[in-house]
Amino acid sequence: MIFRIMGFDLEINIEENKRASLIVLNKPIFRSIINAIYNNLKNEENNDIVIEDNGIILKYAKEVTCINDYFEFDFKAKSIITNLYKKIEEQINIDVNLKQEIEMEIIKLGQIVDKATNGLDIEVGFNSSVALTSLLKLYSFNIDLIDGCSVLDQLLLWINLNADFKLAKLIIFINLHANFSEKEILEIYKILDYKKIKFLCIDSQSYDRINSESLYLIDEDLVEFNCSK
């Protein structure tokens, strides 16, 4: 996977376990890069930032996720909840006995509803065949965060969900190094590597290169460096 910025020669190579990082010290350029990424995420297509995977340009809205706020994760997002229901349904379908038990309970529920309509003066029809997904939605499943869950724990949970639910091919972290310590970042990298998630860190401040990072730099004078060579 290649990350390109219009007007610059840098080609950032993003691979599994690559730990690619870009530092942009020129503030206006940093803002323009982040703005271009978010515009693409909103389907406002532009060629300012191009990400290619095996020669195919990624579709931001479906294949790229960008994290800028590490204090507010939307665990109730439709993409997460929809996949949560799918996972629960898959687990039920794997357990034949559990599936049969639930199907029997659905039949019983239909019989109870039928009795409830007997006292009406009008004929009432209803769908007695309830899909499992529809039944599960009655219980309003959600991601239950433990009390006192730290910012780091929430980020690690979000990364795990992204991997398990296949929400994106690429995660872009904005100013990750400004929000977490080196020890915490190594823990984040460990999960990303284990889950085989491709990611890119884009920071606006310089920092000491962390072990095994592929580091790229655009300085205040717009001079480009590949610090990994």
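Predicted model: local features only at pLDDT ≥ 70, side-chain atom pairs only at ≥ 80, totals over all residues.
**View 1. The six-stranded open sheet.** The strand order is E6-E7-E8-E3-E9-E10, and the pairing is mixed. Strands are DSSP runs of E with at least two residues, helices are runs of H or I with at least four residues, and both are numbered from the N terminus. Two strands pair if DSSP finds at least two bridges between them. At the edges stand E6 (64–67) and E10 (224–226); each has a single partner strand, so one side of each is left without a neighbour in the sheet. From one strand to the next, the twist averages 15°, with axes being lines fitted to C-alpha atoms and angles running from 0 to 180 degrees between N-to-C directions.

**View 2. Strand E8 and its two parallel partners.** E7 (residues 170–174) runs parallel to E8, joined to it by five bridges. E3 (residues 20–24) also pairs with E8 (residues 198–203) in the parallel sense, over four bridges. Here Leu22 has Ile202 as its bridge partner, while Ile23 stands opposite Asp203. Look at both faces of E8: Lys198, Leu200 and Ile202 point one way, Phe199, Cys201 and Asp203 the other, and all are buried (under 20% relative accessible area with a 1.4 Å probe, protein chains only; exposed is over 50%, partly exposed in between). With six of its six residues buried, E8 is largely enclosed by the rest of the structure.

View 3. The structure holds seven aromatic pairs, meaning rings of Phe, Tyr and Trp (its six-membered ring) with centres within 6.5 Å; planes under 30 degrees apart count as stacked, over 60 as edge-to-face and the rest as tilted. Tyr70 and Phe180 pair edge-to-face, at 5.4 Å centre to centre and 90° between the planes. They lie 110 residues apart, Tyr70 in the loop between E6 and H3 (78–94) and Phe180 in the loop between H7 (176–179) and H8 (182–194). Tyr70 is buried at 2% relative accessible area, and Phe180 is buried at 8%.

How values were computed: Residues numbered from 1 in each chain as written. Heavy atoms only, no water.
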